[in-house]
Amino acid sequence: MSYLSAIIVSATLLQGCGDDEVSPDVGSTEARRTVLVYAIAENTLSTAYDTDAQELTTAAASSKIPDDCNILVYSDATSLPRITLFNKYGTTTWKTWSSDQNSADSTVMLSVLREMVQNYPSKSYSLVLWSHGSGWAPTERSIQRIYDNLTARSQARAFGVDNGVNSSLTNGDYDMDISSVKWVLEKLGVHMDYILWDACMMQGVETAYELRNLTDWIIGSPTETPGTGAPYYNAAAALCNADISGIISDYAAYYDNSTKYRSSFPFSCIKTSELKALAEATAPLIRKYFSDMDDMPEALSSAQVYSPRRFIVVRGNNAEVTSPISYDMGSLIAKTATAEEYATWRKALDKAVPYRMVPASEWATGYAAGTYGTAHCTLTDADNYSGISMNVPEDDYDIYWVNREKLEGVPLFWNIYAKSFQWWKAAGWKDTEWELINYIQKDTTL
């Protein structure tokens, strides 16, 4: 799986407070803007921490961070969780916890963000969510839990992995779904200037529509992101100034296609105030072209794919599953609708997604084995590229074969889980035959 860089911080604590260690405040008077970074890196990402730590430290030391701004980072990697401040004064570890905690727990996340906001008041805030990501749907880590209790709707996970063992060698069972992220931000009660997903595959319309009332902008990638992740040194000023087009420009300058490792990839900024209009423009097309479960558009096979659905059956109860097929939204509608319909719809899309990084012809992927046969994903529809993904229901999404000998079908409830998102109703899926899905289990052979 592609992974991101995170932040590791090490600074001498200056005084203690109870069981946790807290240093004197540095620059804790009200700032113009504070960028909150919530980094869940107690997983296979932790080895990439040093690079981003140096980027932020160097940015603070070289006046890349504006005088009236703070970048406040909560990180949980292989050391104890801590909060570190990066600003014009330099780098300061403000707090270190005395014991480990599950940072993928929504109550922990809420508590941490509240503490950051209360101790570092600001006229406005932005949020970076940093970890593994898989979009809105259940992940590979959820399969055994789903198999055990058939409660995929409560077990489905999309963001953040905490292995609970302070190791960089494994991921683990602790992660969170989009509804949990939404709950945290609603309880926090702070409207964000932007949310930046520094995680793979999170820039989907389903996720964006769910969070649209909590932020002005959503920034991220609908596909896998390179190991270097966000260019924190390059983009420090733009992040602090909530300069949305500047963030895109800084990404593009960093991912300059000079090498395969520095190749650009699908990446975009969503203006949340335009998402309602995008849903209204999409709904008639969903009703027209996707209503019949048994007669889905043939054009699906030619649309740009960001992450393919892959089912692999192995012996016993073990299985491998990645995610539902993730289509580029622009490509999907272009291949399905008439030219006139697409031209009208595209206007709504371009208002909702006004800034994009143009990807290279190929970008790195973890879906190589048995899917692409290559270590890179190819841009197949540059003309209709949008930088935002959309899911389409499938019969197979409610069945997953996990036992070769018994041919035993275990439901993932991907279609049913998709119905819980506001996008389902707003975009017209509720008015199709897919709304009738409750539970599907077909007699099928491999």
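In this predicted model, strands S10 and S11 run parallel and are joined by four bridges. Together with helix H6, S10 and S11 form a right-handed β-α-β unit. This briefing covers that unit, the strand pairing around S11, and the setting of methionine 192.

**The β-α-β unit**
- Strand S10 spans residues 192–198, helix H6 covers residues 205–210, and strand S11 comprises residues 215–220.
- Within the parallel pairing of S10 and S11, tyrosine 194 has tryptophan 217 of S11 as its bridge partner.

**Strand S11 and its pairing with S12**
- Strand S11 is mostly covered, with five of its six residues buried.
- S11 is also joined by four bridges to strand S12, residues 267–271, and these two strands run antiparallel.

**Methionine 192**
- Methionine 192 lies in strand S10.
- The residue counts as buried because its relative accessibility is 0%, and the cut-off for buried is under 20%.
- Leaving aside residues up to four places away in sequence, methionine 192 touches Leu36, Tyr125, Ser126, Leu127, Leu214, Thr215 and Asp216.

Notes:
Residues numbered from 1 in each chain as written. Predicted model: local features only at pLDDT ≥ 70, side-chain atom pairs only at ≥ 80, totals over all residues. Heavy atoms only, no water. Buried < 20%, exposed > 50% of the residue type's maximum accessible area, 1.4 Å probe, protein only. Contact = heavy atoms within 4.5 Å. Pairing = 2+ DSSP bridges. Right-handed = clockwise from strand over helix to strand, strands pointing away.
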